[in-house]
Amino acid sequence: MVVSDRQAVLKIAVPVPQQRGEVLIYDYLAGPAIGAPVGSIVQIPLGTRHVWGLVMDASDTSQLAAEKLKPVVMLADVPPLDAQTLKFLKQVSRWTLAPFGSVMRLLLNTPEALLPPPEQPVFTLPEFPLADVRLTPQRQRVCDFLKMVPPLSATEIARETGVSSGVITAMHKSGLLDKQMAVRGNRAPTLSPEQLKQARKSFTLSDEQQQVADAIAAKGDEQFSVHLLDGVTGSGKTEVYFDSVARVATTGRQVLILLPEIALTRAWQDRFEKRFGFRPALWHSSVTNAKRRTLWRQVAEGQPLIVAGARSALFLPFSKLGLIIVDEEHDASYKQEDMTAYQARDMALLRAKISDIPILLASATPSLESWVNAGAARQDEAGHKDWHQHILSSRFGQASLPEVKLVDMRLSRPPRGHWLSPDLQEALKATLEAGQQSLLFLNRRGYAPVTLCSSCGHRLACHQCDSLLVTHRLAGRVQCHFCGISQPLSQQCPACEEADSLRAVGPGVERLEEEVRMLFPDAGIAILSSDTVRSASDAEAFFKAVETGETDIIIGTQMAAKGHDFPQLTLVGVVDADLGIGGGDLRAAERTYQLLWQVAGRSGRAKQKGRALIQTFQPTHPVLDALSKMHLDNPVAARDQFMQAEADARQAAAMPPFGRLAALILSSRDLSLLEAAAEGLAAACPAYHGVDVFGPAPAPLSRIRGAHRIRFLVRAEKTVALQKIITEWLDKVRLPGQVRVVCDIDPYSFL
Ligand code: ADP
Ligand code: ZN
């Protein structure tokens with residue numbers, strides 16, 4: 001039966017977190033969205049709410065069925081998503097096993113952008129100004145100013161001319177100014193091809209850098225290719241990838257640069273601006289709503305933009321994407337670990353593949369995955385056909401890699417309650433005297449990781465997680481690092497109620513600061529951790545103090561390891577290199593190596609030679625042995641030796657990247673329900689060839705926020721369709737509503 005236009009039905013994906021890896025589609029009458037193509041964003045009624053959905057298909061339906069359907073509320077004021085973006089969303093959902101509805105939400109997370117931008121009143125001089133009016137000096141100033149600028153809002157005019165906005169409204173009332181309505185908003189800078197060509201010409205790369213830049217360019221920008229930009233810290237990877245950015249942007253296409261959030265600081269932006277003459281468009285958690293709204297729309301409209309963003313920028317609605325850069329590609333912050341668990345680097349590869357464009361992965365310490373994929377491992381002599389490895393083996397200019405020395409803590413142990421060996425103290429002193437800067441690295445926030453009652457032995461623990469509370473003296477609180485709850489610091493033991501009995505055990509950065517302050521009372525000391533540097537303005541103040549030399553000694557957590565360029569820094573001290581090595585984590589050794597390499601790499605980045613002292617109780621451990629060879633003639637060869645040993649171990653255990661891994665985490669407040677559910681799931685466990693299931697086992701972190709947790713780990717051969725098996729498995733059992741299950745494909749956390 002043919003239906004009238006009014007009855008045309010649209011198949012619309014709804015933003016509901018149901019149906020693992022699948023698209024949940026409901027029918028709606030097209031209504032105002034009549035004729036809307038696939039990919040259109042529409043507002044629809046769902047239950048009692050109005051939500052944004054995606055048109056997946058149009059179809060006719062019988063009059064009868066159509067009568068029961070609700071109509072679309074409105075069509076979004078943005079172009080439809082293109083086929084590549086839709087395909088990307090679908091494949092992310094299929095890969096991560098997150099419901100399509102959840103993946104959709106990653107893209108539709110800026111609902112303000114979907115409505116026409118709001119208009120606001122702006123003022124100009126009238127076309128025919130009133131003649132012979134005598135103006136007060138203030139009014140005169142406003143008139144003079146408005147002769148030179150486009151229409152502006154009352155606030156803007158007031159700010160620029162130093163009058164109150166009342167003056168402007170009064171001038172409008174008396175006919176001295178015209179009022180119009182206009183769309184305002186700070187639009188991100190779009191590119192002028194001329195500017196970009198200039199930026200490219202005026203910059204000189206070193207010979208080694210130029211060779212790499214040329215090799216990347218030679219592979220072409222018109223099809224999928226992956227470039228692993230593998231260069232020691234300070235070799236100029238940023239300058240090399242800027243070359244590709246300029247080349248692709250000149251053609252009017254969009255460029256996405258992904259960075260770990262902390263690297264989106266002023267220093268990186270300054271370098272960008274120096275090279276290109278304008279600032280990139282930024283996308284991260286502290287960008288204002290107004291800026292998000294405009295940028296989202298600009299991206300959707302296909303405007304030529306260079307966007308620098310944290311992992312969530314991958315889900316912007318790019319319609320003319322020409323290149324993706326993933327800087328610090330090994331960084332663990334690319335892995336998001338909540339309901340929609342995804343690895344942004346891997347999803348960026350997927351996006352590039354779908355869009356058939358090049359992607360650059362930059363790192364001084366590539367992830368084992370990328371290193372193997374690029375063909376650097378013995379296991380994979382040919383490498384993947386689309387992957388290319390480019391090596392920058394020396395630092396730019398006169399800088400050289402720091403000299404690394406291991407400090408054997410078994411031989412040079414500091415007194416109880418102190419953490420700095422005599423060697424490290426000596427080095428700090430010498431560096432201070434030379435007027436240079438030092439960085440002490442300790443990957444532990446707060447004052448002390450453990451607080452113990454000296455009377456009854458009770459340890460302060462979180463009441464809703466299976467974890468100890470961390471003392472934060474600066475904030476005057478004890479805090480759980482898993483659920484975030486905190487309580488005021490007290491000296492009384494909550495168990496035995498003995499007064500003044502609580503003792504701090506072990507060091508955190510705050511406690512280390514105490515020790516350093518005692519040793520060097522006159523030095524400028526600053527802590528760099530997520531507790532002390534929380535906002536963009538904190539970061540600004542911190543980097544300013546380092547730049548001006550006000551800070552002599554930085555005490556930092558892993559935040560200090562990320563890409564910073566401190567030219568005066570010539571000493572790095574790693575306080576406890578053994579912290580990350582233990583534990584059963586698949587990537588423990590790899591990650592410790594990367595972290596310490598990056599930290600050590602902060603030293604000696606400019607003219608002065610740098611050094612790194614690494615305190616450890618296990619100097620013969622392969623990670624430490626490899627680190628101690630950093631400054632040798634061929635640092636890349638030393639690194640590769642370590643990576644090869646890691647690769648061999650992973651291959652022997654059939655672990656990623658040589659096998660596939662997924663975690664299923666069941667959680668519930670009701671322990672007996674949870675245990676029953678886990679048993680049910682275990683009973684339905686698939687017996688496929690090439691698949692091993694470990695568990696159920698209580699998670700190492702057996703309780704978070706009051707919810708008990710049980711884990712399964714699935715390991716499969718590389719050729720196995722892991723997602724399909726897990727979906728089939730989960731489909732076999734009906735879990736009670738109170739039991740939540742999270743799938744984590746290729747997990748990074750094993751807690
Ligand atoms: P990486 O990202 O590999 O750690 P960077 O790109 O940060 O290295 O470069 C290290 C330092 O060397 C920076 O201060 C950068 O400005 C400088 N530098 C690198 N290449 C050049 C170049 N071709 N010309 C001028 N300065 C450069
Ligand atoms: Zn807690």
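Visitor: How many bridges join strand E28 to E31?
Guide: Strands here are DSSP runs of at least two residues, marked E and numbered from the N terminus. This is a predicted model, where local features need pLDDT of at least 70 and side-chain atom pairs count only at pLDDT 80 or more, while totals for chains, interfaces and linings use all residues. Two strands pair if DSSP finds at least two bridges between them. E28 (residues 659–668) and E31 run antiparallel, and the number of bridges joining them is 6.

Visitor: And which residue in E31 is the bridge partner of Leu664?
Guide: Stay with E31, residues 740–745. Across the bridge from Leu664 sits Cys743.

Visitor: Why is E31 largely enclosed by the rest of the structure?
Guide: Buried means under 20% relative accessible area, with a 1.4 Å probe and protein chains only. E31 is largely enclosed because, of its 6 residues, the number buried is 5.

Visitor: What geometry does the site of the zinc ion (ligand 2) have?
Guide: Residues are numbered from 1 along each chain as its sequence is written, and side-chain values use heavy atoms, leaving out hydrogens and water. Donors are N, O and S atoms within 2.8 Å of the metal (3.2 Å for Na, K and Ca), and here they are the SG atoms of Cys462, Cys465, Cys480 and Cys483, 2.3 to 2.4 Å away. Four donors count as tetrahedral if all angles lie between 85 and 135 degrees. The angles at this zinc ion run from 105 to 114°, making the site tetrahedral.

Visitor: Are Cys462 and Cys465 buried or exposed?
Guide: Both residues are among the zinc donors. Cys462 and Cys465 are each buried.

Conventions. Chains lettered and ligands numbered in written order. Tetrahedral: all angles 85-135°; square planar, octahedral: opposite > 155°, others 65-115°. Buried < 20%, exposed > 50% of the residue type's maximum accessible area, 1.4 Å probe, protein only. Helix = DSSP H or I, 4+ residues; strand = E, 2+ residues; numbered from the N terminus.
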